[in-house]
Amino acid sequence: MTAQRPGMPGATRVCPHCKETILESAAVCPVCLHHLRFDPAVSSTPASRAEAFTPLRVEGSLQNPAGGEAWEYTMVLTIRNERGEDIARKIVGVGAMQPEEQRTFSLSVELKPTTEKPGAKRGTRH
Ligand SMILES: [Zn+2]
């Protein structure tokens with residue numbers, strides 16, 4: 001993944017609570033849901049995050065039927081760019097399901113417009 005400079009779209013930081021890499025612009029960690037900094041907009045108007053939207057959300061459940069063996073599962077997520085190249089490929093979790101156990105897997109992609117204009121000077125990156 002390309003590291004973006006602080007203040008640029010896509011810039012990241014590490015959540016001090018759960019240590020996940022999240023967007024620098026996030027006021028609330030999407031993983032552990034901790035508030036990350038004082039943000040007057042967030043504390044005064046709950047709708048301040050309304051500009052963020054979730055155009056993709058997928059969820060499905062798998063159940064191991066009764067009477068069989070345990071199943072092992074691996075949940076893999078990939079992000080590809082417009083050329084089909086992997087940008088990220090992660091194992092979210094692995095585990096086992098005993099007969100009659102169920103797991104629900106969900107994926108959501110949140111988008112948030114930035115103030116940066118396309119084609120704006122971004123400087124040189126390596
Ligand atoms: Zn967190």
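Guide: A patch joins residues with over 30% relative accessible area and no salt bridge, linking like charges within 9 Å and nonpolar side chains (Val, Leu, Ile, Met, Phe, Trp, Tyr) within 5 Å. This is a predicted model, in which local features need pLDDT of at least 70 and side-chain atom pairs pLDDT 80 or more, while totals for chains, interfaces and linings use all residues. Residues are numbered from 1 along each chain as its sequence is written, and side-chain values use heavy atoms, with hydrogens and water left out.

Visitor: What is the area of the nonpolar surface patch?

Guide: The patch is formed by F53, L56, V58, V109 and L111. Areas follow the Shrake-Rupley method (1.4 Å probe; for residues, only the protein chains shown count as cover). The nonpolar patch covers about 380 Å².

Visitor: Which element gives the largest share of the nonpolar patch?

Guide: Two or more residues of the patch come from each of β3 (53–63) and β6 (102–111), strands being DSSP runs (E, at least two residues) numbered from the N terminus. F53 belongs to strand β3. The largest share, 3 residues, is that of β3.

Visitor: Is F53 buried, partly exposed or exposed?

Guide: The relative accessible area of F53 is 41%. Buried means under 20%, exposed over 50%, and partly exposed in between. F53 is therefore partly exposed.

Visitor: What is the geometry of the zinc ion's site?

Guide: The protein donors (N, O or S atoms within 2.8 Å of the metal) are the SG atoms of C15, C18, C29 and C32, at 2.2 to 2.4 Å from the zinc ion. Along the chain they follow the spacing C-x2-C-x10-C-x2-C. The angles among the 4 donor atoms are 105 to 115°. Four donors with all angles between 85 and 135 degrees qualify, and the site is tetrahedral.

Visitor: How many bridges join β4 to β5?

Guide: Strands β4 (residues 71–80) and β5 (residues 86–97) run antiparallel, and strands pair if DSSP finds at least two bridges. T74 stands opposite V94 in β5. In this hairpin, with 5 residues between the strands, G84 takes a positive phi near 80°. The number of bridges joining β4 to β5 is 10.

Visitor: What separates the C-alpha atoms of A96 and Y73?

Guide: A96 lies in strand β5 and is partly exposed, because its relative accessible area is 36%. A96 and Y73 are 23 residues apart along the chain. Their C-alpha atoms are separated by 6.0 Å.

Note on methods
A salt bridge is a side-chain nitrogen of Lys or Arg within 4 Å of a carboxyl oxygen of Asp or Glu. Helices (H or I, at least four residues) and strands (E, at least two) are DSSP runs, numbered from the N terminus. Buried means under 20% relative accessible area, exposed over 50%, partly exposed in between (1.4 Å probe, protein chains only). Donors are N, O and S atoms within 2.8 Å of the metal (3.2 Å for Na, K and Ca); water is not among the atoms, so sites may look incomplete. Four donors count as tetrahedral if all angles lie between 85 and 135 degrees; four count as square planar and six as octahedral if opposite donors are over 155 degrees apart and all others between 65 and 115; anything else is irregular.
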